[in-house]
Amino acid sequence: MIAQSPLLDDRIPAGPIQHKWSEHKAGIKLVNPANKRKYTVIVVGTGLAGGAAAATLAELGYNVLSFCIQDSPRRAHSVAAQGGINAAKNYQNDGDSVWRLFYDTIKGGDFRAREANVYRLAELSAGIIDQCVAAGVPFAREYGGTLANRSFGGAQVSRTFYARGQTGQQLLLGAYGALMRQVAAGRVSLFPRREMLELVQVEGRARGIICRNLVTGAIEKYAADAVCMATGGYSTVFYLSTNAVNCNATAIWRCYKQGALFANPCFTQIHPTCLPQSGEGQSKLTLMSESLRNDGRVWVPKQKGDARPPQEIPEAERDYFLERRYPAFGNLAPRDIASRAAKAVCDDGFGVGSTGYSVYLDFAEATERLGADVMRERYGNLFAMYHEITGENPYQRPMRIYPAPHYTMGGLWVDYNLMTTIPGLYALGEANFSDHGANRLGASALMQGLADGYFILPATIADYLADHRPDGLGTDHEAFTTAAATVEERTRHLLGVNGKQSVRDFHWELGRIMWEQVGMARNEKGLRQAITDIRTLRADYWRNVKVGSADTDLNKNLEFAGRVADFLELGELMARDALERVESCGGHFREEFQTADGEAVRDDPNFSHVAAWQHTAEDKVPTRHTEPLDFEYVELTQRSYK
Amino acid sequence: MKIEVKIWRQAGPTEPGALATYTVDDVLPDMSFLEMLDGLNEQLVARGERPVEFDSDCREGICGTCGLVINGAAHGPQQACTSCELRMRHFDDGATITVEPFRARGFPVVRDLVVDRSAFDRIMQQGGYISVNTGSAPDANAMPIAKEVADRAMDAAACIGCGACVAACPNGSASLFVGAKVAQLALLPQGDAERKRRAVAMVQQMDAEGFGNCSNHAECEAACPKSISVDHIARLRSEYRKGAWAALRRNEKRNDQR
């Protein structure tokens, strides 16, 4: 029996799963329309979750302060999502339904997500597409004028809506437009080029944030009635990942250190279709949309070290290993399974390319069947990007791909209302942990970000605000002064180290440890080693890092230095969480727990729970709390995509 | 490879700037242009010098954050390519490369290669959206939109808002940026209700921000990393004319009634 921590009240409504959300909404307290403008809500981050939430809260009448680290809200990293967004519209009449999307998502997450949250997500999915179309998102269409769909990994129906290979961009620009409309209406104040460096609590409630103005370097204070974190994920802890170079965990890490619990930090997703690493100076890994697996076939030569160009390797001498191992899903097996399979063939010496760490993704068969024009229409921008980066033409020779850190399912623990364990502090989108369990399915991140931002938070936040009337709290309160002083002290400390090694060197080394020990495959020995190594590296950081110029105005190296300091703590928590979760599930693959043919083996009696970590003191082991996951509607099975 | 770079250094918006010369060793052909600059900054930090400030984020050509004028061309010599996507294999070993910020009256320099493009947000605030509140949308398939129309709207919507069009234009005009958004929303039936007001308001804001007008050089299309066509500027003008004419008629009617 898994213990329910008293700190973790999930507030999941009673009643049948189909009615939970509608009945919950009906019971939520409301704020009178005339009173809404008296409330101020801070939203940090302007991606799909943050942008949609800020715009919708303003439409409802709240006074919103919107923050982002980019120079414009339109550049948040949601912009880079390529493939699409899932929705249970069943426009294809292929048997899709809210239930099936719910089931696929729970199963894809390897039964480590909350049923009630995932059902709500599936239920809201159709409304998201309606909203985006009304906002002018130019989704792909059929000749008859109706919306087009494509298939994605982990599903046997075609339910993914897309806008060429730029779906994230188009959805983000829709939310950004809505946000700009509210800025013009005077209900949203924009604060770009700001980095949140501290959360301010007054009497145990989240009441504001401290930011660094990235242009002037000024430390700024902002007060509000509630604070929403929509700051994305933490894959850049690996240094090389598909995330943008400014993506970081600092904002949620500050919340964690202020007492918000951090759930399932070890649940990270390694995306199967990325460009392989090429050199030391590399700053990131580029993702090639998973949608490519619709028409691309993944293979390696059957013979180890076969150096022939791929076109010259005859069909009979190729191993289409995903089709061989997973005949039912083939190249569309879920991300964690496809990634591990690619690693396995490379570890066994069948990999291709100069490093031996890549596999082919071949479009020859699809091109012959559909023609080059159709391929260009579907994947033109991706092929062009691949060509520019690698210098190889994917219309003529297969792409080379390899898995890379991409998405983090873990994040701040939230209840059904998306509130963290700190009253008045909410977490949305990738920054929270709630819907994807141990593995996220393709095209589900955009769905969750927009569900949280457009529909869930704007409804649930009223329940809290109605009970906490505006009290005129200003930034002259001593809590703000203290928090700002902490931030300034941390900056002074970083600049004062003035050691010998660059910030990048430390980040690179942390990334190496994380990739090798806390990456695609983990084991007890490696995880213990990682914890020791990270602690040593962290101690060295504070003795030996060189931030360089001590200027406190625009100084990107100083920004990076602060983020890496936090990653050095987060990395340890990830390793610890992975060590304590003594089972394999989804993206968390413990080598000790696998079947004879290399599939993950879960331990449901002992680990069918959310692990949420509570900060105790600097350099002390945090406390692990558990929230049991009860499955009333789906039967726990071993995932099989065979 | 060994590369010599001449980089624009400027301490602040009102400070004078100048080109400074640096040498970067150990450049690999597969490196991106920005990774070459990362390498330079590592050297500068090690020497205790202030690194070159430049903006970048996604490093895969979609966020629009990066923007450098490389050897006189916005985003460098490659067609349909952002600064972050540009690879060093397009330069010769031993080459000298000049790197400057996007220059325009509407984009004041913040520091070194970083410019302030917030004018683009203010233009968007004047109408770069469809006014629909969350929750009020009909079924997504209720309004069929011909594939050709949706595709053309998508061509326009591909704009990443980087500002290369402005940097490339001899007039410092933002017409391609504004035209792309106006065209996207004018093509789609959802945007029809506001199309006349939108074009006029966005163009007025573009003027107020200090961007020039279009005189058909088409440098913008050549520099655009997403190859957005100047045809959208033609549509912008058509929309603006209709909108301005409608506004004129409204004023005349109002005067007649007085």
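How many residues does the contact take from chain A, and how many from chain B?

Author: The model is a predicted one, and what follows is computed from it. The contact draws 81 residues from chain A and 74 residues from chain B. In chain A, R75(A), R141(A) and E388(A) together supply 11% of the area that this chain buries against chain B, more than any other three residues. The size of an interface is often expressed as the accessible area that is lost when the parts come together. Here the area buried between chain A and chain B is about 6100 Å², and carbon and sulfur atoms give 49% of that area.

Polar and charged pairings come next. Between chain A and chain B the count is nine salt bridges. One pairing of this kind joins the side chains of D553(A) and R50(B), with a distance of 3.0 Å from N to O. Across the interface of chain A and chain B, 46 residue pairs are in polar contact, both residues of each pair being at pLDDT 80 or more.

As to the elements involved, the side of chain A that touches chain B receives at least two residues from each of α3 (48-60), α5 (115-134), α6 (167-184), α11 (372-390), α12 (445-465), α14 (503-517) and α16 (556-580) of chain A. The element that gives the most to this side is α6(A), with 10 residues. By residue class, the side of chain A that touches chain B divides into 31 nonpolar, 30 polar and 20 charged residues.

On the α6(A) side the meeting residues are Y176(A), M180(A), V183(A) and A184(A); on the α2(B) side they are F120(B), D121(B), M124(B) and Q125(B). The contact of α6(A) with α2(B) comprises six nonpolar residues, one polar residue and one charged residue.

With helix α15 (residues 524-544) of chain A, α14(A) packs at an angle of about 175 degrees, the axes lying 10 Å apart. The helices α14(A) and α15(A) are therefore roughly antiparallel to each other. Among the residues making this contact are F506(A), L510(A) and I513(A) of α14(A), together with L527(A), I534(A) and L537(A) of α15(A). The contact of α14(A) with α15(A) divides into 10 nonpolar, four polar and three charged residues.

Helix α15(A) has a further packing with helix α13 (residues 478-497) of chain A: their axes come within 7 Å and cross at roughly 80 degrees. Accordingly, α13(A) and α15(A) are roughly perpendicular to each other. H493(A), L494(A) and V497(A) of α13(A) make this contact with Y541(A), W542(A), R543(A) and N544(A) of α15(A). Its residues divide into four nonpolar, two polar and one charged. Y541(A) and N544(A) also take part in the contact of α15(A) with α14(A).

Finally, the salt bridges may be viewed over the whole model. The structure holds 68 of them over all chains. In one of these, R602(A) pairs with D110(A), the closest N and O atoms being 2.8 Å apart. R602(A) lies in the loop between α16 and α17 (604-607) of chain A and D110(A) in the loop between α4 (98-108) and α5 of chain A, so the pair ties together parts that are 492 residues apart in sequence.

Technical notes:
Residues numbered from 1 in each chain as written. Chains lettered and ligands numbered in written order. Predicted model: local features only at pLDDT ≥ 70, side-chain atom pairs only at ≥ 80, totals over all residues. Heavy atoms only, no water. Contact = heavy atoms within 4.5 Å. Buried area = accessible area lost by both parts, 1.4 Å probe. Salt bridge = Lys/Arg side-chain N within 4 Å of Asp/Glu carboxyl O. Polar contact = N/O pair within 3.5 Å; in protein donor to acceptor, adjacent residues only side chain to side chain. Helix = DSSP H or I, 4+ residues; strand = E, 2+ residues; numbered from the N terminus. Nonpolar A, V, L, I, M, F, W, Y, C, P; charged D, E, K, R; others polar. Axes fitted to C-alpha atoms, helices over the stretch in contact; angles between N-to-C directions. Parallel < 35°, antiparallel > 145°, perpendicular 65-115°, else oblique.
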